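Here are my notes on the model, point by point. Please read them with the structure open.

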Amino acid sequence: MIDVQHLHKTYRVRSGGLLRGHTRELQAVRDVSFTVQAGEVVGYLGPNGAGKSTTIKVLTGLLVPDGGAVTVGGLVPWRERRRHVARLGAVFGQRTTLWWDLPVRDSLELLRHVYRVPSARFRENLGRFTDLLDLGPFLDTPARSLSLGQRMRADLAAALLHDPALLFLDEPTVGLDVVARERIREFVGVVNREQGVTVLLTTHDLTDVQRLARRVMIIDHGTLLFDGALATLQERFGGARELQVDYEIPPADPRIAGLDLLHADGARVRYAFAGAAAVPIARVTAHAPVRDLAVLEPDIEATVRRIYEGGLLRPTLP
Ligand SMILES: Nc1ncnc2c1ncn2[C@@H]1O[C@H](COP(=O)(O)OP(=O)(O)OP(=O)(O)O)[C@@H](O)[C@H]1O
């Protein structure tokens with residue numbers, strides 16, 4: 001579906017101050033290569049200024065790269081823009097595709113004409129999206145009067161009216177409350193599963209990624225640092241899993257051979273372990289009577305933060 005090989009994009013930035021008038025080059029994307037198969041949901045992560053939006057702009061045909069080869073569904077986005085956009089949907093959390101002063105319904109109707117969606121198909125899609133996203137209460141409200149969560153839902157419907165095979169989501173849950181975030185994630189999950197829509201998801205909210213994507217790509221300073229399964233990222237960089245044990249009575253000695261004692265506070269003791277939990281659980285239950293047990297997974301948020309801050313990943317990693 002998406003094939004990116006050795007993508008480069010450099011911006012020429014005009015300097016201010018003493019060097020006013022001079023231009024310098026800013027390499028926003030350097031030698032980035034990846035492919036995305038039809039039906040995948042891929043999380044595209046990176047700190048501010050990493051190069052995510054630049055990549056997405058190239059993929060949507062808004063920007064022409066300086067080097068590399070890009071095809072999306074067999075088309076070169078910036079060369080065959082019209083055909084390309086007919087097949088993709090995009091939602092940018094920060095701005096809307098809806099007409100500000102028009103009721104949502106009229107915006108969607110206008111988009112129907114732009115994308116030449118047959119009217120039966122339009123009615124069918126609008127009905128489905130109205131149900132799934134609960135658009136009913138604000139279909140007749142102008143976009144400018146919508147809450148952010150309502151606007152995002154209307155934008156999602158607008159992006160998918162013409163049955164695109166590919167959806168770009170840029171920060172789709174930014175600024176939303178927990179309930180609204182959840183609704184959007186559910187909806188994206190449904191269109192991916194039921195219609196096979198391929199999704200490239202840029203976000204700073206790792207719960208979005210955990211809920212929707214099995215695969216993540218991490219970019220920083222324009223270089224792709226990681227491309228693989230979320231689970232692999234956790235295994236390699238997530239640190240240890242923890243076993244939290246509540247013993248029946250505080251153990252005289254909470255240490256157990258083969259387990260890393262992290263913390264003991266009365267009857268509650270935490271151990272670190274690697275791999276599957278069965279063996280450490282057996283050791284703990286053999287050690288003393290246990291009232292309760294919990295396996296604590298490493299926090300993905302912390303893992304990714306460590307990657308950004310500590311440069312845990314090198315560009316040569318797969
Ligand atoms: N039009 C532009 N002109 C000059 N520099 C730009 C332009 N657009 C982006 N940049 C720079 O290119 C780099 C990559 O920016 P990009 O917007 O792709 O990052 P990002 O990963 O999307 O960041 P964010 O999470 O903040 O949206 C940054 O250093 C940014 O300042």
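1. Angles under 35 degrees count as roughly parallel, over 145 as roughly antiparallel, 65 to 115 as roughly perpendicular, and the rest as oblique. Helix 5 (residues 148–160) and helix 6 (residues 178–195) pack at about 10 degrees, with axes 10 Å apart. Helix 5 and helix 6 are therefore roughly parallel to each other. Axes are lines fitted to C-alpha atoms, for helices over the stretch in contact, and angles run from 0 to 180 degrees between N-to-C directions. Helices (H or I, at least four residues) and strands (E, at least two) are DSSP runs, numbered from the N terminus.

2. This is a predicted model: local features need pLDDT of at least 70, side-chain atom pairs count only at pLDDT 80 or more, and totals for chains, interfaces and linings use all residues. Residues are numbered from 1 along each chain as its sequence is written. The protein averages a pLDDT (the predictor's confidence in each residue, from 0 to 100) of 90, and 96% of the residues score at least 70. For the complex, the predictor gives an ipTM of 0.96 and a pTM of 0.82.

3. Which residues surround the ligand? Among them are Tyr11, Leu26, Asn48, Lys52, Ser53 and Thr54. Near means a C-beta atom, placed from the backbone, within 6 Å. Strand 1 (2–14), strand 2 (23–36) and helix 1 (52–60) each give two or more residues to this shell. Helix 1 gives the most, with three.

4. The protein is divided into domain 1 (2–235) and domain 2 (240–297), with bounds from an automatic or database domain assignment. Their centres, taken over C-alpha atoms, are 44 Å apart.
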